[in-house]
Amino acid sequence: MTTTASGAEPPSTTIRRAVRADLLAVFQIEQASFPQPWPFSAFERFLETPGFLVAETGGADSGHDHVDRSGIVGYIVADAIPNHGTPLGHVKDLAVHPDFRRQGIGKRLLGRALTVLDSQGVGSVKLEVRANNDGAHKLYRSFGFEHCRTIPNYYDNGEDALVLLR
């Protein structure tokens, strides 16, 4: 059985559409997860996007004082963009609170987002990922994503991004 960093049993998690009340928790997870976090306003812009999903635990009863009382422990932002008649899906952002990683939450978020994108008629889905993010590479490969190109110096620190396509 997978456990959290504190050794507690993993909580049950619900995946649902993000709402305005989730934004602060999403932003806090973003800041804890990435050296170049998105600004709060970026998440506001995606609020009406069907592929902006959150993973929610029992909130205040989750047993983790450092998790926002909303119970939000992860999120994904994915959308469909026009592409010569067949929309192209784009996974823009995915993160799970550090204390809830390696419990399958990211996998559930990605799976649900891909289902949402499929329902929008996407032909392919792309994403960018840091070249050194081995955990994310493994997750994306498990969903059939393949490396199609590298963008040198994509991130502010000079790190390359891998563009993956499914």
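Start your tour by selecting Lys126, which is partly exposed with a relative accessible area of 22%. Its partner is Glu128: the two form a salt bridge, and their closest N and O atoms are 3.4 Å apart. Keep in mind as you click along that this is a predicted model.

Next, select Arg130 and Glu159. Their side chains meet in a salt bridge, at 2.8 Å from N to O. Arg130 sits in strand E5 (residues 124-130) and Glu159 in the loop between strand E6 (146-151) and strand E7 (161-165), so this pair ties together parts that are 29 residues apart in sequence. Are these two residues buried or exposed? Both Glu159 and Arg130 are buried.

Now move to Asp22 and Arg16, another salt bridge, with N and O at 2.8 Å. Asp22 is buried, at a relative accessible area of 3%, while Arg16 is partly exposed at 23%. Across the whole structure, a search finds 6 salt bridges.

From here, select helix H1, residues 23-33. Its buried residues are Leu23, Ala25, Val26, Phe27, Ile29, Glu30 and Ser33. What covers them? Show helix H2 (40-45) and strands E2 (51-56), E3 (72-81) and E4 (88-96), which are included in that cover.

For the last stop, go to the surface. Select Arg101, Arg102, Lys138 and Arg141, and you have a positive patch. Lys138 belongs to helix H4, residues 134-142. With 60% relative accessibility, Lys138 counts as exposed.

Technical notes:
Residues are numbered from 1 along each chain as its sequence is written. This is a predicted model: local features need pLDDT of at least 70, side-chain atom pairs count only at pLDDT 80 or more; totals for chains, interfaces and linings use all residues. Side-chain values use heavy atoms; hydrogens and water are left out. Patches are made of residues with over 30% relative accessible area and no salt bridge: like charges are joined within 9 Å, nonpolar side chains (Val, Leu, Ile, Met, Phe, Trp, Tyr) within 5 Å. Accessible areas come from the Shrake-Rupley method with a 1.4 Å probe; for residues, only the protein chains shown count as cover. A salt bridge is a side-chain nitrogen of Lys or Arg within 4 Å of a carboxyl oxygen of Asp or Glu. Lys and Arg count as positive and Asp and Glu as negative; His and the chain ends are not counted. The place of a charge is taken as NZ of Lys, CZ of Arg, CG of Asp or CD of Glu. Helices (H or I, at least four residues) and strands (E, at least two) are DSSP runs, numbered from the N terminus. Buried means under 20% relative accessible area, exposed over 50%, partly exposed in between (1.4 Å probe, protein chains only). Contact means heavy atoms within 4.5 Å.
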